[in-house]
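Please read the points with the sequence and the model at hand.

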Amino acid sequence: MPPLPVNVWQNCDLCWQKIIRVINKTISSKVKFDKAQITICLVNDKDICQLNLAYLGKQEPTDVLSFDITDKKRNKDYLVADIVISTDASIKNARTYRTS
């Protein structure tokens, strides 16, 4: 099943075709699962800083956090994961490293 994009940030201009292409490429080349359910959450630096502190003990923003929440005892062939992306950090990094 292809990813279903939902833009909850109406003021954030996203290229969903590019995002879906990157996700599919990553899943097909890196992930050794028959099926995957991946949630992508776009947040600001303040929100990702709180998550980074809560889960990694670092009181600073980061660009991406990922969480593998697969129930490995019940489903070894099915990946369930959350990816949290800071749009603030992503924009800063894109400008710093001259990428899009």
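1. F67 is partly exposed, because its relative accessible area is 21%; the term covers values between buried (under 20%) and exposed (over 50%), found with a 1.4 Å probe on protein chains only. The model is a predicted one, in which local features need pLDDT of at least 70 and side-chain atom pairs pLDDT 80 or more, while totals for chains, interfaces and linings use all residues. Numbering starts from 1 along each chain as its sequence is written, and side-chain values use heavy atoms, without hydrogens and water.

2. How many aromatic pairs does a search of the whole structure find? The search finds 1. Rings of Phe, Tyr and Trp (its six-membered ring) pair if their centres lie within 6.5 Å, and planes under 30 degrees apart count as stacked, over 60 as edge-to-face and the rest as tilted. The pair links distant parts of the chain, 12 residues apart: Y55 belongs to helix α2 and F67 to strand β2. Y55 is exposed, since its relative accessible area is 55%.

3. Helices (H or I, at least four residues) and strands (E, at least two) are DSSP runs numbered from the N terminus. Helix α2 comprises 12 residues, 45-56, and should span 16 Å at 1.5 Å a residue; its end C-alpha atoms are 15 Å apart, which agrees. The expected span is 1.5 Å times one less than the number of residues.

4. Which residues of α2 are buried? They are D45, I48, C49 and N52. These residues cover an arc of only 110° around the axis, so they lie on the same side of α2; the arc is taken from the directions from the helix axis to the C-beta atoms. The face turned away from that side carries the exposed residues K46, A54 and Y55.

5. Just after the helix, G57 takes a positive phi of about 70°.

6. T70 lies in the loop between β2 (64-68) and β3 (78-86). T70 is buried, because its relative accessible area is 10%. Leaving aside neighbours within four places in sequence, T70 is in contact (heavy atoms within 4.5 Å) with N75, Y78, L79 and V80. A polar atom of the T70 side chain lies 3.0 Å from the backbone nitrogen of V80.

Methods. Polar contact = N/O pair within 3.5 Å; in protein donor to acceptor, adjacent residues only side chain to side chain.
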